[in-house]
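Keep the sequence and the model side by side as you read.

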Amino acid sequence: MISMELQKMDEEKLKVAKVIISERIHRRLSQTALARRLGVTQQQISKLENGDFDNLGTLQKVLSVLGYHVRVSAIPLHREAHAHSTRY
């Protein structure tokens, strides 16, 4: 069950990474040009484009300049376990 949830999370990260790449290319920006515009490193842009979202602040900056925003949700991995724990 957990591996399935992790796979879904990886798929969602990949979707976001594809948006970043697509929007950057559409705007004819290199990773370096986008990084300079945001005051981050090219390596940080590369990480985001590879689905490495270890810094939500940087992710928000990049998506914002590309016309998007970040939405974060906490979803219980075990819905049944969560339902039992909230009854008490």
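Helices here are DSSP runs of H or I with at least four residues, strands are runs of E with at least two, and both are numbered from the N terminus. The model is predicted, so to keep to the ground rules: local features need pLDDT of at least 70, side-chain atom pairs count only at pLDDT 80 or more, and totals for chains, interfaces and linings use all residues. Residues are numbered from 1 along each chain as its sequence is written, and side-chain values use heavy atoms, with hydrogens and water left out.

**The overall layout**

The chain has five helices and zero strands, and its elements read α-α-α-α-α from the N terminus on. Buried means under 20% relative accessible area, exposed means over 50%, and partly exposed is in between (1.4 Å probe, protein chains only). On that scale, 23% of the 88 residues of the chain count as buried. Contact means heavy atoms within 4.5 Å. Among contacts in the chain with a separation of 6 or more, 52% come from residues 24 or more positions apart.

**The core**

A nonpolar core is a set of buried Ala, Val, Leu, Ile, Met, Phe, Trp, Tyr and Cys residues joined through side-chain atoms within 4.5 Å. The largest one has 13 residues, and those with the most contacts inside it are Ile20, Leu34, Leu38, Ile45, Leu48, Leu59 and Val62. Helix 2 (31–38), helix 3 (42–49) and helix 4 (56–65) each supply at least two residues of this core. Take Leu48 as a way in: leaving out residues up to four places away in sequence, Leu48 touches Ala17, Ile20, Phe53, Thr58, Leu59 and Val62.

**How the helices pack**

Two packed helices are described by the angle between their axes and the distance between the axes. Axes are lines fitted to C-alpha atoms, for helices over the stretch in contact, and angles run from 0 to 180 degrees between N-to-C directions. Angles under 35 degrees count as roughly parallel, over 145 as roughly antiparallel, 65 to 115 as roughly perpendicular and the rest as oblique.

The axes of helix 2 and helix 4 come within 10 Å and cross at roughly 105 degrees, so helix 2 and helix 4 are roughly perpendicular to each other. Leu34, Arg37 and Leu38 in helix 2 meet Lys61, Val62 and Val65 in helix 4. For residue classes, Ala, Val, Leu, Ile, Met, Phe, Trp, Tyr, Cys and Pro count as nonpolar, Asp, Glu, Lys and Arg as charged, and the others, Gly among them, as polar. The contact of helix 2 with helix 4 then divides into four nonpolar, no polar and two charged residues.

Helix 3 and helix 4 pack at about 90 degrees with their axes 11 Å apart, and are therefore roughly perpendicular to each other. Here Gln44, Ile45 and Leu48 in helix 3 meet Thr58, Leu59 and Val62 in helix 4. By class, that contact has four nonpolar, two polar and no charged residues.

| Side-chain pair | Polar contact |
|---|---|
| Glu23 and Tyr68 | 3.2 Å |
| Gln31 and Glu49 | 2.6 Å |

Glu23 is in helix 1 (residues 2–26). Is Glu23 buried or exposed? Glu23 counts as buried, because its relative accessibility is 17%. Gln31 lies in helix 2 and, neighbours within four places in sequence aside, is in contact with Arg24, Gln42, Ile45, Ser46 and Glu49.

Leu63, in helix 4, is buried with a relative accessible area of 5%. Beyond its neighbours within four places in sequence, Leu63 is in contact with Val16, Ile20, Tyr68, His69 and Val70.

Finally, look at Arg28 in the loop between helix 1 and helix 2. Most residues other than glycine have a negative phi. Phi of Arg28, however, is near 55 degrees, a positive value in a residue other than glycine. Arg28 counts as exposed, at 79% relative accessibility.

Note on methods:
Polar contact = N/O pair within 3.5 Å; in protein donor to acceptor, adjacent residues only side chain to side chain.
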